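Here is a short briefing on one chain. Look over the sequence and the fold, then read the points below.

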Amino acid sequence: MSNSKIKHIIMFSGGASSAYIAKWVVDKYGKESCVLLFTNTQVEDEDNYRFMEDVANYIDLEITYKTDGRTPEDVFFEQKYLGNSRHAQCSHELKVKQTILYLNELIREGFHPILYFGISADEKHRIDSLTFNYGHEFALDVLDEHGEIVEMNEMGIRFPLGNMIRTTSDIHSIIEKEWSIPLPRMYKLGFKHANCAGKCVRAGMHHFANLYRIWPDRYREFEEMEEKFRSKFELNVSMMKRKGKPFTLRELREDTLEKMSEEELLAYSLEEDNDYIPCSCSFS
Ligand code: SF4
């Protein structure tokens, strides 16, 4: 395969690790053969968009935005199915599908696309989820400890972070101190998942408590969307479940969050959601 036909597609999420990987890929292969791909749900926090543009300017590679014009909410209402912690079709429709469509365009033009994710090799659950989403067409390349390809698959998916000795805090420090780019504000506000401006249907109670603590208006908007969906389609559904039953954002707010003191809310919002399953759009 001629190198000029290889396209290195950096799966840019708006997070620090994918930014770090973007620079690594561009330095290694040259920007002419690289694409900084962002599948846009159009509802990201404004500071995520600022961060992405700063990174794109720093590495001197324009972002390729892909969208079909819908937001996650549009997808739920069109499909009459509210995304939830077990099944988030918004991720498939707005992220995976847009990526596959774009890759198919490249393949039709005779390119050989290779995907790069800013995920460490030890995040096995996320790698499994991504290889499941893309795996019917893409397979993992085998790399050595320096990130060099030992065995190249027809179409590869790469997680080069796993081959580098970089911790998350190293990456944050490089971006802030060496690149002089402030990280997206959601990192400092305690969000472990920062896509869709914190309004992710896959999130759990502790994440939503943090959303309520930091941006109560955003929490209310999301709560209203869930209530509107339930009444429009007359369905007893919700994004979260408690004890195997639907548990809405309104119930979480009224039963728990509003009754907490500031200190209790802070402590509760910083706890981990054990059952949280990151989606393919995970901020990394
Ligand atoms: S971040 Fe959450 S709400 Fe947004 S597209 Fe992904 S799964 Fe859907």
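How many helices and strands are there in the chain? There are 11 helices and 10 strands, taken as DSSP runs (helices H or I, at least four residues; strands E, at least two) and numbered from the N terminus. This is a predicted model, in which local features need pLDDT of at least 70 and side-chain atom pairs count only at pLDDT 80 or more, while totals for chains, interfaces and linings use all residues. Residues are numbered from 1 along each chain as its sequence is written.

**Overall packing**

- Of the 284 residues in the chain, 38% are buried. A residue is buried if 20 or more other C-beta atoms lie within 10 Å of its own, exposed if 12 or fewer, and partly exposed in between, with C-beta atoms placed from the backbone.
- Two residues are in contact if their C-beta atoms, placed from the backbone, lie within 7 Å. Of the contacts with a separation of 6 or more, 69% are between residues 24 or more positions apart.

**Nonpolar cores**

- A nonpolar core is a set of buried Ala, Val, Leu, Ile, Met, Phe, Trp, Tyr and Cys residues joined through C-beta atoms within 7 Å.
- The largest such core has 31 residues. I10, F12, A22, L36 and Y116 have the most contacts inside it.
- At least two residues of this core come from each of β1 (6-11), α1 (16-29), β2 (34-39), α2 (46-59), β4 (112-116) and α6 (168-178). The largest share, 7 residues, is from α1.
- Beyond its neighbours within four places in sequence, F12 is in contact with S18, A22, L36, L37, F38, M52 and I63.
- A second, separate core has 24 residues, among them F76, V201, Y219 and M240.

- β2 and strand β3 (residues 63-66) run parallel and are joined by 4 bridges. Strands count as paired if DSSP finds at least two bridges between them.
- L37 stands opposite T64 in β3.
- From β2 the chain passes through α2 to β3, and this β-α-β crossover is right-handed. That is, with the strands pointing away from the viewer, the path from the first strand over the helix to the second runs clockwise.

**Helix α4**

- α4 covers residues 89-108. Its 20 residues should span 28 Å at 1.5 Å a residue, where the expected span is 1.5 Å times one less than the number of residues. The end C-alpha atoms are 27 Å apart, which agrees.
- α4 bends by about 30 degrees at K97. The bend is the angle between axes fitted to the seven residues ending there and the seven starting there.
- Buried residues of α4 are C90, S91, E93, L94, K95, Q98, T99 and L103. The buried residues of α4 pack against β2, β3, α3 (72-79) and β4.

**Two non-glycine residues with positive phi**

- C196 has a phi near 50 degrees. C196 sits in the loop between α7 (185-188) and α8 (205-214). C196 is buried because 27 other C-beta atoms lie within 10 Å.
- E234 also has a phi near 50 degrees. E234 lies in the loop between α9 and β9 (240-242). E234 is exposed because 6 other C-beta atoms lie within 10 Å.

**M225 in α9**

- M225 is in helix α9 (residues 216-233).
- M225 and E73 are 152 residues apart along the chain. Their C-alpha atoms are separated by 7.7 Å.
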